[in-house]
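Biologist: I am new to this structure. Please show it, and then I will ask about it part by part.

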Amino acid sequence: MSDAEDWAAQRREAAAEHERRLIEKQETASARAQVLIDAFLETAAATAREPEPLLVRGYKGGHTKTTLVGWYLRQDQAVGIDTDGKFYILTADIGLRERLRGYTPPASPPPLIIGEGGKDGESIDMAIALERLRRN
């Protein structure tokens, strides 16, 4: 194996290890976020606002109904959880068909920080988002 081939093989191995660690970190964070969501659901009936039908907002405007009932986690209603504790991204590319028939997005692994990596002021800790749902 030449030096160039050896270097390329080492880079591939390093990249694969980096990806493995990133996935592991994301899975750990998601598991911690799910614990927070589950704890919220245990007391939601007594302490939280009433769940409501969740809508999906289109990237280009408009919205459509879903089969989901739950709570929005951000004021812009871009993400939410349902009454079963599943996390949803509530923005999508919706066309006329989806607007007429409705569209229910697939559940996603919940993040510990909602909107992480976004613009300033657009991210929020899951714990804080869930606390905001409590009745005042």
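Biologist: What is the relative accessible area of Q77?

Modeller: The model is predicted, so to speak of it at all, local features need pLDDT of at least 70 and side-chain atom pairs pLDDT 80 or more, while totals for chains, interfaces and linings use all residues. Residues are numbered from 1 along each chain as its sequence is written, and side-chain values use heavy atoms, without hydrogens and water. Q77 counts as partly exposed, between buried (under 20% relative accessible area) and exposed (over 50%), with a 1.4 Å probe and protein chains only. Its relative accessible area is 22%.

Biologist: Where is Q77 found, and what is its phi?

Modeller: Q77 lies in the loop between β2 and β3, where strands are DSSP runs of E of at least two residues and helices are runs of H or I of at least four, numbered from the N terminus. These two strands form a hairpin with six residues between them. Q77 is not a glycine, yet it has a positive phi of about 60 degrees.

Biologist: What is the strand order in the sheet?

Modeller: Two strands pair if DSSP finds at least two bridges between them. The sheet is open, has six strands and shows mixed pairing. Its order is β5-β1-β2-β3-β4-β6.

Biologist: Which strands stand at the edges?

Modeller: An edge strand here has a single partner, so one of its sides is left without a neighbour in the sheet. The two strands in that position are β5 (91-92) and β6 (107-108).

Biologist: Which residue in the turn between β1 and β2 has a positive phi?

Modeller: Strands β1 (residues 52-58) and β2 (residues 63-72) run antiparallel and are joined by five bridges. P53 has V69 as its bridge partner in β2, and R57 stands opposite H63. The hairpin of β1 and β2 has four residues between the strands. With a phi of about 105 degrees, the turn residue is G61.

Biologist: Which residue in β3 is the bridge partner of G70?

Modeller: β2 and β3 (residues 79-82) pair in the antiparallel sense over three bridges. In β3, the partner of G70 is D82.

Biologist: Which residues does M126 contact, leaving aside neighbours within four places in sequence?

Modeller: Contact means heavy atoms within 4.5 Å. On that basis the partners of M126 are A33, L36, I37, L73, F87, P110, P111, L112 and I114.

Biologist: How much space lies in the largest pocket?

Modeller: On a 1 Å grid over the protein atoms alone, a pocket is an open set of points where a 1.4 Å probe fits, with protein on both sides within 12 Å along at least five of seven lines, and lining residues have an atom within 4 Å of a point. The lining includes L22, K25, P109 and E116, and helix α1 (residues 3-47) gives the most to it, with six residues. Grid points are joined across faces, edges and corners, and the volume is the space filled by probe spheres set on them. For the largest pocket this is about 340 Å³.
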